[in-house]
Amino acid sequence: MKKLKKIDLWIIIPYILLLGIGIVMVYSASFYNALIAGGKTDQYLIKQAIYAIMGLCLCYITFMLKERVLKNRKILSMVMIVTLVSLFYLLGRAYLKPSSRVNGASAWINLGIINFQPLELAKLFLIMFLALVLTNKQNRLIQKQGWKEVFKEVFQPLVIVGSIIVMVFLQPDIGGALILSLITLVLISSSTIPGRLIAELSGVLLVVFTSMIIIITKFPPSFVKSNYAYQRFLAMQHPFQLEQKAGAQLVNSFYAISNGGVFGVGLGNSIQKRGYLPEPHTDFIMSIISEELGLVGVVFILGLLLIMILRMISLGFRSKKTYNSLVYYGVATMILVQIVLNVGGLLGLIPLTGVTLPFISYGGSSLLVLSVALGIVLNLETTAKFEKMEKG
């Protein structure tokens, strides 16, 4: 109880509010399709409520753990093995059994009570792993003047991180690979590696990424033209021309957003969820929120998410512990990039990636991992408060 009294309200209150909004909106977005499919109208509501309760419990448990448990190498090694094995299994299944792919990718493992998405575990593992490695090597890294010296220090960790990113990319899950890559880049940039080297790395990555996009879009080979991700890219460029094909989802998302206006058509009254948008309770839930609750509802939800992100960034700036700062930045990046990819896709600013909206979209893996991540952030921040009090 003593620890609970010091919990960061700027994070926990938005988190609880978002869980509640997520439960309500998942029900609103899913009941029509569930009814048409012959199921119970509240089936997704019940599941999302269970995930939310489980998430709260996991957040609390993680919050109450000793800090040394979070840094335990044996536990981290176990998580790494589970992550690598599960991603390798998905990769093998994706190419040996193409029929297992959903929307072009094989990303879930059915565990009966939940569809486990290894990508979500990979995000959290990368944050905790890189934070620990970069902190342990901070004194040596700050003295390095060239990439050759830096790579000697972090070669083994980068091989592990690179293997995870490549396996996710080959599923193929481009959105997931991008999230992992940006988390890695932010943590490396926030470490004690000299700023000149970070700038060089960022420049090289930007040139490589831009070149790949230009080559693929201007001179797409035949196997790329038939790729699901490439079709989504075309849909972003010409949504209404491809309205009957790849652009259908994006066009209906536009209609939903347009219908909602400023104040929305009212909770439960969306038209686009009635067979126009596929699975509106997952990737496209923000489109339904925009239609039913309007711009006001969208701004409120994004505002809650932004409060959490800015708070974590603020904690990172103020923290005197490198490890804590890296974890704060990592979790903030994970949430921010998911928001950008989800909302940007719905607005047609970037290709649709299948990335869900944090805490709001239906799904167990994402919600549970995000809850654990917030529990870790709250744990580190509260522990730091007590340590500061003890020092006077």
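The score pLDDT is the predictor's confidence in each residue, from 0 to 100. Helices are DSSP runs of H or I with at least four residues, numbered from the N terminus. The mean pLDDT of the protein is 85, and 89% of its residues reach 70 or more. Where pLDDT is low, the predicted coordinates should not be read in detail.

Two notes on reading the values follow. This is a predicted model, in which local features need pLDDT of at least 70 and side-chain atom pairs count only at pLDDT 80 or more, while totals for chains, interfaces and linings use all residues. Residues are numbered from 1 along each chain as its sequence is written, and side-chain values use heavy atoms, with hydrogens and water left out.

**Salt bridges**

Side chains of opposite charge can pair when their charged atoms come close. A salt bridge here is a side-chain nitrogen of Lys or Arg within 4 Å of a carboxyl oxygen of Asp or Glu. The whole structure holds seven salt bridges.

| Pair | N to O distance |
|---|---|
| Asp8 and Arg311 | 2.8 Å |
| Lys123 and Glu120 | 3.1 Å |
| Lys273 and Glu292 | 2.8 Å |

Take Asp8 and Arg311, paired at 2.8 Å. Asp8 lies in the segment before helix H1 (9-36) and Arg311 in helix H13, so the pair ties together parts that are 303 residues apart in sequence. Both residues are buried, meaning under 20% relative accessible area with a 1.4 Å probe and protein chains only (exposed is over 50%, partly exposed in between).

Lys273 is buried at 0% relative accessible area, and Glu292 is buried at 1%.

Lys123 and Glu120 share helix H5 (residues 118-136), three residues apart, about one turn of the helix. Lys123 is buried at 1%. Glu120 is buried at 4%.

Salt bridges also link Glu67, Lys71, Lys321 and Glu387 in a network.

Most residues other than glycine have a negative phi. Phe359 is not a glycine, yet its phi is positive, about 70°. Phe359 lies in the loop between helix H14 (322-346) and helix H15 (364-391). Phe359 is buried, with a relative accessible area of 2%.

Definitions and conventions: Helices (H or I, at least four residues) and strands (E, at least two) are DSSP runs, numbered from the N terminus.
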